[in-house]
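Let's take a quick tour of this protein chain. Have the sequence and the 3D view ready, and follow along strand by strand.

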Amino acid sequence: MSEEDWEYIRNFKPKEFQCTCCGTDGMDLYFMNKLQELRDLFGAPMIITSGYRCKNHPAEKNKSVPGSHNQGKAVDILVNRSDAYLLIKLAMQMGFTGLGVNQKGDDRSRFIHLDTADDKLRPTVWSY
């Protein structure tokens with residue numbers, strides 16, 4: 001996304017979404033607008049633990065086909081308990097096409113994956 005595009009994303013900063021391996025920002029504008037709309041409905045800060053991942057990112061490198069993070073159409077959000085439930089409910093209402101749930105273990109490691117990828121070969125909702 002361009003610097004001008006980020007001006008319209010009020011509650012997030014580009015650094016939150018940069019690839020942790022190379023620092024690249026490859027987020028999709030449509031996805032980010034949808035995420036901002038979700039944030040508005042959620043009504044609370046959303047901590048992004050993973051955004052864009054380049055093809056050399058360890059999580060992408062081992063895949064046969066790069067995933068939705070590599071397309072800039074996915075995030076992992078640190079959230080748990082009733083907040084996780086609310087986030088899932090709102091994301092489903094808004095039409096996010098991929099929803100991964102990891103709610104095991106310590107609260108600091110629980111997250112929800114959201115994406116807008118159009119890959120028809122995977123389930124819409126899954127758990128880790």
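## Strands side by side

Ile48 sits opposite Ile77 of strand β2. That pairing belongs to β1 (residues 47-50) and β2, which run antiparallel over 3 bridges; two strands count as paired if DSSP finds at least two bridges between them. Ile77 has a bridge partner in β4 too, namely Ile112. β2 and β4 (residues 111-115) are also antiparallel, with 5 bridges.

Strand β2 (residues 74-78) is mostly covered, with 4 of its 5 residues buried. Buried means under 20% relative accessible area, exposed means over 50%, and partly exposed is in between (1.4 Å probe, protein chains only). Helices (H or I, at least four residues) and strands (E, at least two) are DSSP runs, numbered from the N terminus.

## How the model was read

This is a predicted model: local features need pLDDT of at least 70, side-chain atom pairs count only at pLDDT 80 or more, and totals for chains, interfaces and linings use all residues. Residues are numbered from 1 along each chain as its sequence is written, and side-chain values use heavy atoms, leaving out hydrogens and water.

## The nonpolar core

Which residues touch the most other members of the largest nonpolar core? Leu35 and Leu38 do, out of 28 residues. Such a core is a set of buried Ala, Val, Leu, Ile, Met, Phe, Trp, Tyr and Cys residues joined through side-chain atoms within 4.5 Å. The elements giving two or more residues to this core are α2 (29-42), β2, α4 and β4, and α4 gives the most, with 6 residues.

Arg81 lies in helix α4 (residues 81-94). Its phi is near 55°, a positive value in a residue other than glycine. Arg81 is exposed, at 52% relative accessible area.
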